[in-house]
Amino acid sequence: ARMGESLTDTFQMLEDPDELAVLEEIQQELILQEQSVLEEYERSLQFDEECLNAMLDGLDASDKVICPVCRKNHLTVRNHLVFCQCGLYISTQGMTEEKLRSLLENTLTEHSHRCFHNPEFTVTSGMGEETSLLMSCPVCDSWTILL
């Protein structure tokens with residue numbers, strides 16, 4: 001058979017209404033499948049976003065500050081005290097969890113502008129038994145008294 005003839009046969013076969021109907025049906029099904037896959041994907045994206053927002057809301061609502069020294073427990077902030085289960089115990093004046101959080105955030109942000117290394121937090125006992133929270137960095141050799 002010559003090339004032209006076999007092509008004509010194929011076209012004639014496709015013109016058969018049953019064949020065309022089957023092809024259209026397959027095409028419709030593929031389109032529907034694709035739509036449902038896309039919808040599923042969008043749903044999962046929305047779910048991720050909702051989870052993330054819930055977590056962020058939780059963080060804002062509780063206003064808890066993770067202890068920078070042990071990095072495990074939350075700091076407890078009373079009017080004149082900041083303390084943690086790990087032994088951190090510092091007397092302060094009128095400190096709130098909000099103030100403490102922004103103090104920590106600002107100090108860390110400021111440090112990250114000039115040094116990429118994560119600073120360390122330690123508690124020191126000074127001369128008059130006054131305890132301080134220190135942020136120091138061995139890389140850029142800086143230290144700051146936070147509390």
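Good morning. By the rule used here, a side-chain nitrogen of Lys or Arg within 4 Å of a carboxyl oxygen of Asp or Glu, the count comes to two salt bridges. This is a predicted model, in which local features need pLDDT of at least 70 and side-chain atom pairs count only at pLDDT 80 or more, while totals for chains, interfaces and linings use all residues. Residues are numbered from 1 along each chain as its sequence is written, and side-chain values use heavy atoms, with hydrogens and water left out.

Glu 40 pairs with Arg 43, with 2.8 Å between the closest N and O atoms. The two are three residues apart in helix α2 (residues 17-62), and therefore separated by about one helical turn. Helices here are DSSP runs of H or I with at least four residues, strands are runs of E with at least two, and both are numbered from the N terminus. Glu 40 is partly exposed at 45% relative accessibility, and Arg 43 is partly exposed at 49%; buried means under 20%, exposed over 50%, and partly exposed in between, with a 1.4 Å probe and protein chains only. The other salt bridge joins Glu 110 and Arg 114 at 3.9 Å, N to O. Glu 110 is exposed, at 51%.

I turn to the sheet. Strands β4, β5 and β6 form an open, antiparallel sheet in that order, where pairing requires at least two DSSP bridges between two strands. β4 (120-125) and β6 (142-145) are the edge strands with a single partner each, so one side of each has no neighbour in the sheet. Six bridges link β4 to β5 (residues 131-137), and Val 123 stands opposite Leu 133.

What lies across β4, β5 and β6? Helix α3 (residues 97-114) does, running at about 25 degrees to β5; axes are lines fitted to C-alpha atoms, for helices over the stretch in contact (heavy atoms within 4.5 Å), and angles run from 0 to 180 degrees between N-to-C directions.

Finally, the cysteines. With sulfur atoms required to lie within 2.5 Å, the count of disulfides is zero. The sulfur of Cys 67 is 3.7 Å from that of Cys 84, its closest cysteine sulfur, which is too far for a bond.
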